[in-house]
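Biologist: Please take a close look at one part of this protein for me, the spot that the record calls the active site. Start with the overall fold, then go in.

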Amino acid sequence: TKATLANIAATDSKYEAYITTMEDEAIETAAAVDAAGIDANNLLSGIPYGIKDNILTKGVQTTAASHILEGFKPVFDATVVEKMRKAGAIGVGKTNLDEFAMGSTGETSYYKTTKNAWDQTKVPGGSSSGSAVTVGAGQVPFALGTDTGGSIRQPAAFNGIVGMKPSYGRVSRFGVVAFASSLDQVGQFTRTVKDNAAVLSALAGQDANDQTTSNRAVPDFTASLNGDIKGLKIAVPKEYFGAGVNAAVKDIVRQAINQLEALGAIVDEVSLPHTKYGVAAYYILGSAEASSNLQRFDGIRYGFRAKDVKTLEDLYVQTRTQGFGDEVKQRIMLGTYALSAGAYEKFFKQAAQVRTLMNQDFDKVFADYDLIVAPATPNVAYGFGQNEDDPEITYMNDVLTIPVNMAGLPGLSINAGFSNGLPVGMQLIGDRFAEETVYRVAYAFE
Ligand code: GLN
């Protein structure tokens, strides 16, 4: 733990992965693990890890990378943090993200701009930018993130590591700063598939504090890693190899799929016809939920409070005006509009219907196949500030990851190769709660 903290102190000016490091807490936790004795049967015992800064840590500033939460110290740990502590893992710091997890580049953080682990002139991906980079750069063996529309899988792809968004309901969201509650899931970044499976085994499970968690038994996900995928049926959706996807990305992922075939998998092309509506529907539904969830930041309860205000109304307005960044304000306005009486039928309801159609697309494929394999992102990591004037280009980044959140499926990104020295991610999508199949194939490929 001391070596990890020293290494972060020495290297983080290069990556800027952390908003807050937890030296005292980490040493204290490590001492407790030492006193109890390292548990040889528990892969996480004594292992340092990073925590995305939208996951609550008791007594340690938790900002969600927003000015509005500056100085906020939660009075309890998120369930996932508590579970990691029970497993003996040692939280070493809070990682940078896009403000309130809204973004795909890490650039909307109020605090700093995280740099890609492979090339510091390139974006790290987002919104879990710091968690992906701290693992990609070798500062820690694993880190926790959240994925609402691709925020684990996309930065995992951009940093050449393994990133898993579990099925909706697999992992508790209690103590996670809510963005879009019907889409948000906590997941983990690691360098290997086995590590990833080990972390999920410890994170998953029903939680009395999150009514959306499933009561399904949690298997030991490392047990399914046997390298055997003979006869497994893999579906390759043609829409995920469409016009907007970079040619090198398509090539590398196709080569990886050939490798899966060589290992004995049966591969067919399928169609997920409603894919193209996913981004539009997501920005309506996700923003609507965000506009509701972010109402709680009023300057009274948490973090930042505007100064020199005369009335209560003024306090709310000034705190939110000064406390939220542009991207967050844009989403609050879009979401509030989509839920308003005049626009509800036309926008919110239609987006919800699109979501159902997307779910049905997946159900049809999973009636005949075990797994869907596709690129994780349309592009490799690009330069900072590139899409500043056209948010739509950035939004389109998530076209291949959003459908998985809409349907609550597990999705994993794994490195499939490199294009011009930058990592390309392959996405493995399982049926609901079929994480074991996802891991089995990822392990065989790795
Ligand atoms: N990039 C998407 C967005 O900005 C997804 C973010 C996420 O998964 N948290 O909404």
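Modeller: This is a predicted model. Its secondary structure comes to 14 helices and 11 strands. For 446 residues, a compact globule would have a radius of gyration near 22 Å; the protein has 21 Å, so the two agree. The C-alpha atoms fill a box of roughly 70 × 60 × 45 Å along the principal axes. Buried residues make up 56% of the 446. Now take contacts between residues at least 6 apart in sequence: 75% of them join residues at least 24 apart.

Now to the part you asked about. An unreviewed UniProt entry lists Lys 52, Ser 127 and Ser 151 under "active site". These residues span 100 residues in sequence, yet no two of their C-alpha atoms are more than 11.0 Å apart, so they gather at one spot.

Start with Lys 52. It sits in strand 2, which runs over residues 48–52. Is Lys 52 buried or exposed? A residue counts as buried if 20 or more other C-beta atoms lie within 10 Å of its own. Lys 52 has 32 such neighbours, so it is buried. Leaving out residues up to four places away in sequence, Lys 52 touches Thr 95, Leu 97, Ser 128, Ser 131, Leu 144, Gly 145 and Thr 146.

Next comes Ser 127. Its place is the loop between strand 3 (90–95) and helix 4 (129–136). Ser 127 has 35 C-beta neighbours inside 10 Å, so it too is buried. The peptide bond that joins Gly 126 and Ser 127 is cis, with omega about 10°. Which residues does Ser 127 touch, beyond those up to four places away in sequence? They are Leu 97, Asp 98, Ala 101, Met 102, Gly 103, Ser 104 and Ser 151. Ser 151 is itself on the UniProt list.

Ala 64 is found between strand 2 and helix 3 (79–86). Ala 64 is not a glycine, yet its phi is positive, about 55°. Ala 64 has 33 other C-beta atoms within 10 Å, so it is buried. Asn 420 lies in the loop between strand 10 and strand 11. Its phi is also positive, near 50°. But Asn 420 has 7 C-beta neighbours inside 10 Å, so it counts as exposed.

Helix 8 covers residues 278–293, and its 16 residues should span 22 Å at 1.5 Å a residue; its end C-alpha atoms are 22 Å apart, so the span agrees. Its buried residues, including Tyr 282, Tyr 283 and Leu 285, pack against helix 10, helix 11, helix 12 and helix 13. Helix 14 (residues 435–445) is mostly covered, with nine of its 11 residues buried. Among them are Val 438, Tyr 439 and Phe 445. The buried residues of helix 14 pack against helix 6, helix 7, strand 9, strand 10 and strand 11.

Notes. Residues numbered from 1 in each chain as written. Predicted model: local features only at pLDDT ≥ 70, side-chain atom pairs only at ≥ 80, totals over all residues. UniProt positions renumbered as here; feature names shortened; annotations may be inferred. Helix = DSSP H or I, 4+ residues; strand = E, 2+ residues; numbered from the N terminus. Buried ≥ 20, exposed ≤ 12 C-beta atoms within 10 Å, placed from the backbone. Contact = placed C-beta atoms within 7 Å. Expected span 1.5 Å × (residues − 1). Rg over C-alpha atoms; globule rule 2.2 N^0.38 Å.
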